[in-house]
Amino acid sequence: MLLELLGVAALLFGLFFCAVGVLGVMRMPDSLTRLHASGKVATLGLFGLLLGAALLMPSTWLRLLALGLFVLLTNPVATHAIAASVYRRREIVEELAETDSPAEPTDFTAVDVTAVLSRSRIQDIIEAQERALRHHRPDAKTKGEE
């Protein structure tokens, strides 16, 4: 009876933090603060749900522990990857704003970053290929002369 009450309390704790995470994602002004709300609060909410499930179904505690460890190890990596992507996209949009028209504000989420990268980096790729060809041509000439 006591384990069931603790399990329900842990489930409610987890549900509360999951709901706060959803509310934070909807209400926060930019993508990095939304990421903070979803990453931190959802992890705490998930651990509350896992604890509640382990207390209500004791036979599954080992699986729930493995799931919790998996989330604990992968969630920071995923959050960092998303934050790095947002940061890189903002840098690209700022670079575009300097070259295009600085008077009009740009929404960085509406910019096609793939097209921008392909246009802006193609000259770098061509130069790198030319350097590689120049580097390998002397070797080819010396082998052909021998």
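**View 1. Ala 42 sits in helix 2.** Helices here (H or I, at least four residues) and strands (E, at least two) are DSSP runs, numbered from the N terminus. With a relative accessibility of 33%, Ala 42 counts as partly exposed. Now look for Val 20: Ala 42 is 22 residues from Val 20 in sequence, and their C-alpha atoms are 8.4 Å apart in space.

Before moving on, a word about what you're looking at. This is a predicted model, where local features need pLDDT of at least 70 and side-chain atom pairs count only at pLDDT 80 or more, while totals for chains, interfaces and linings use all residues. Residues are numbered from 1 along each chain as its sequence is written, and side-chain values use heavy atoms, with hydrogens and water left out.

**View 2. Thr 43 is a buried residue of helix 2, which spans residues 31-56.** Why does Thr 43 count as buried? Its relative accessibility is 16%, so Thr 43 falls in the buried class. Setting aside neighbours within four places in sequence, Thr 43 is in contact (heavy atoms within 4.5 Å) with Ser 38 and Asn 75.

**View 3. Val 25 belongs to helix 1.** Val 25 has a relative accessible area of 34%, so this residue is partly exposed. Which residues does Val 25 touch, leaving aside its neighbours within four places in sequence? Its contacts are Arg 34, Ala 37 and Ser 38.

**View 4. Helix 1 and helix 2 cross each other.** Two packed helices are described by the angle between their axes and the distance between the axes. Helix 1 covers residues 2-27, and its axis comes within 7 Å of the axis of helix 2, crossing at roughly 165°. Axes are lines fitted to C-alpha atoms, for helices over the stretch in contact, and angles run from 0 to 180 degrees between N-to-C directions. The two helices are therefore roughly antiparallel, the term for angles over 145 degrees. Their crossing is left-handed, meaning that the near helix is turned anticlockwise from the far one by less than a right angle.

**View 5. Zoom out to the whole protein, with its four helices and zero strands.** From the N terminus on, the elements run α-α-α-α. The protein has 146 residues, and 20% of them count as buried. Among contacts between residues at least 6 apart in sequence, 62% join residues at least 24 apart.

Terms used
Buried means under 20% relative accessible area, exposed over 50%, partly exposed in between (1.4 Å probe, protein chains only). Angles under 35 degrees count as roughly parallel, over 145 as roughly antiparallel, 65 to 115 as roughly perpendicular and the rest as oblique.
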